[in-house]
Amino acid sequence: MNLKDLPSDARPREKMMARGSAALSDAELLALLLRTGIQGKSVITLAQDILDRFGGVRGLLDAPGDALEAIKGLGPAKRAELMAVAELTRRALA
């Protein structure tokens, strides 16, 4: 399902603006970073697939860049963004 097909209050960006970031699932938060899905897979489904593959947010944050390369839909720009978020998270927790 395309995000445009969802009611506006169910779309991650609109949901976050109305209810705050804590109201979003991990997949919805990741979907905001990814911005787009791939043919036949919405960005939310792609995000959930990525989280499932790595065992959740913690696993994704610990994933090396080459593990991200294997995921269809994560080009260089999206991989760099995810790696930057992971590094910012590490620094914030240090």
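Which residue just after α2 takes a positive phi? That residue is Arg 35, with a phi of about 75°. The structure here is a predicted model, where local features need pLDDT of at least 70, side-chain atom pairs count only at pLDDT 80 or more, and totals for chains, interfaces and linings use all residues. Residues are numbered from 1 along each chain as its sequence is written, and side-chain values use heavy atoms, leaving out hydrogens and water.

**Confidence**
- The mean pLDDT (the predictor's confidence in each residue, from 0 to 100) of the protein is 91, and 98% of its residues reach 70 or more.
- Among the elements, helix α3 (residues 43–54) has the highest mean pLDDT, 96, while helix α1 (residues 12–19) has the lowest, 88.
- Where pLDDT is low, predicted coordinates should not be read in detail.

**Overall build**
- The protein has six helices and zero strands; helices (H or I, at least four residues) and strands (E, at least two) are DSSP runs, numbered from the N terminus.
- The radius of gyration, taken over C-alpha atoms, is 13 Å, close to the 12 Å that the globule rule (2.2 Å times the number of residues to the power 0.38) gives for 94 residues, so the protein is as compact as a globular protein of that length.
- Along the principal axes, the C-alpha atoms fill a box of roughly 35 × 30 × 20 Å.
- Of the 94 residues, 29% count as buried, where buried means under 20% relative accessible area, exposed over 50%, and partly exposed in between (1.4 Å probe, protein chains only).

**Helix α2 and its buried face**
- In helix α2 (residues 26–34), the buried residues are Ala 27, Glu 28, Leu 30, Ala 31 and Leu 34.
- Seen down the axis of α2, these buried residues fall within an arc of 160°, so they line one face of the helix; the arc is that of the directions from the helix axis to the C-beta atoms.
- The cover over the buried residues of α2 includes α1, α3, α4 (57–62) and α6 (76–93), with contact meaning heavy atoms within 4.5 Å.

- Most residues other than glycine have a negative phi.
- Arg 35 has a positive phi although it is not a glycine.
- You can find Arg 35 in the loop between α2 and α3, where Arg 35 is partly exposed at 48% relative accessibility.

**A glycine to look for**
- Gly 59 sits in helix α4 and is partly exposed, with a relative accessible area of 22%.
- From C-alpha to C-alpha, Gly 59 and Gly 37 are 21 Å apart in space, and they are 22 residues apart in sequence.
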